Amino acid sequence: MWQQPTSLFTDHYELTMLQASLHSGAAHRPSVFEAFARRLPEGRRYGVVAGTGRILEGLKEFRFGEEQLAFLAETRVVDETTLDYLRNFSFSGNIYGYAEGEIYFPNSPVLIVESTFAEACVLETFILSALNHDSAIASAASRMIASSGTRPCIEMGSRRTHEESAVAAARAAIIAGFDSTSNLEAGHRYGLKTVGTAAHSFTLLHDSERAAFKAQVASMGAGTTLLVDTYDVEAGVRAAVEVAGPELGAVRLDSGDLVEQARWVRDLLDDLGNENTRILVTSDLDEYAIAALQSAPVDAYGVGTSLVTGSGHPTASMVYKLVARHNDAGEFVSVAKAAKNKASVGGRKFALRRLNERGRATEELIGVGELPAADANDRVLLEQFVVNGEIQAGWTGAEGVRRAAKRHKDSILEMPGSSRRLQRGEPVIPTVYID
């Protein structure tokens, strides 16, 4: 949940456009804006929508109070007429979109804002910053989950990104299937499961590794996870078992050849009578490293840097475009940018996922102006999040995260099996426009 007004999480030119449109009289024209990605990141075969719940939470706080207005006045960003408009700003339109956690493809209408030009314009940067960051993280996390199989993944990348980005990244990772996070603020805000035990500094603090293990077990119980690679791994495993006994919950490996190391550590634990002690691996994991560890006797993965940076793709490259507006006659007309390398399709969109008789997705159908004709088992993709300025229940907070995680799980099950492979290729299903 946002701790401050969100109205200045925007670009200067959003407000200068507002000022100019107020001057021309076009600011109050009914308009339709659409957020979408023209393409997926290189090598990706689907994307995952995330950030919608945070946008809706932020919309509640999108107000221009005296502090914000004073800043805009002192810096002469806008004129008095625009300040008067902003003083009473409250979004009163409608917002539709793909449910958070949903799979998306190139040109999927991920978010649609119907309102006046003025209201939709000032939301642009805020909407895109949340969608681009969170969708990038969720898309990377989904690939990691696909590589991990049934083994749980833990999000632990807070120290590798901005403090607020860390909370958003933890939330996005849980939506995409991660089991838990190390970030306490994310746990507090969204009811997420948090985990953690000790770092190498805790071992180095004590006069011996054994002394550190004894202190941790005495405090946290034998079921804790002991980090065994501060010095010699074999000696660390033996000391951990001697201190905690057969009830030792897990050992963590954070360096070296994790595949080979996990194999002989598993053998050593079994030989010592700790068949139920699990092995957690960390150390700069990404989806490819996780896939390589599938043959190793690993029980869980801790993922940090690669997750919170989108595993090489820190943005989803979404854009926010005006696609329809009223003309001087008061009629809606389609509008679109025509540049060859950045062309878009005008008109209000409606989206449908075509499913075959086995419930597998075969096409993303995008209707311009109306919903495409649906078969009995096809699925309508657009939900309404805001009705005449009122945010609908169930999309924000802890409930919103749980709902999004379920939506993602169900959406993945609809996808062809090729969606879970890491090989490069085209999107797993095509996007088809229906005029």
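A: Let's begin with two terms: strands pair if DSSP finds at least two bridges between them, and a strand is a DSSP run of E with at least two residues, numbered from the N terminus. This is a predicted model, where local features need pLDDT of at least 70, side-chain atom pairs count only at pLDDT 80 or more, and totals for chains, interfaces and linings use all residues. Residues are numbered from 1 along each chain as its sequence is written, and side-chain values use heavy atoms, with hydrogens and water left out.

Now find strand β12, residues 318-326. One of its partners is strand β1, which covers residues 30-37. β1 and β12 are antiparallel, and 7 bridges join them. To get your bearings, look for Ser31, which stands opposite Arg325 in β12.

Next, follow β12 towards strand β13, residues 332-334. These strands also run antiparallel, with 3 bridges between them. Look for His326 here: its bridge partner in β13 is Phe332. So β12 pairs with β1 and also with β13, because each pairing has at least two bridges.

Then look at the turn. β12 and β13 form a hairpin with 5 residues between the strands.

Finally, zoom out to the whole protein chain. Its domain assignment (bounds come from an automatic or database assignment) gives domain 1 as 12-138 + 313-434 and domain 2 as 197-298. The C-alpha centres of domain 1 and domain 2 are 45 Å apart.

Definitions and conventions. Helices (H or I, at least four residues) and strands (E, at least two) are DSSP runs, numbered from the N terminus.
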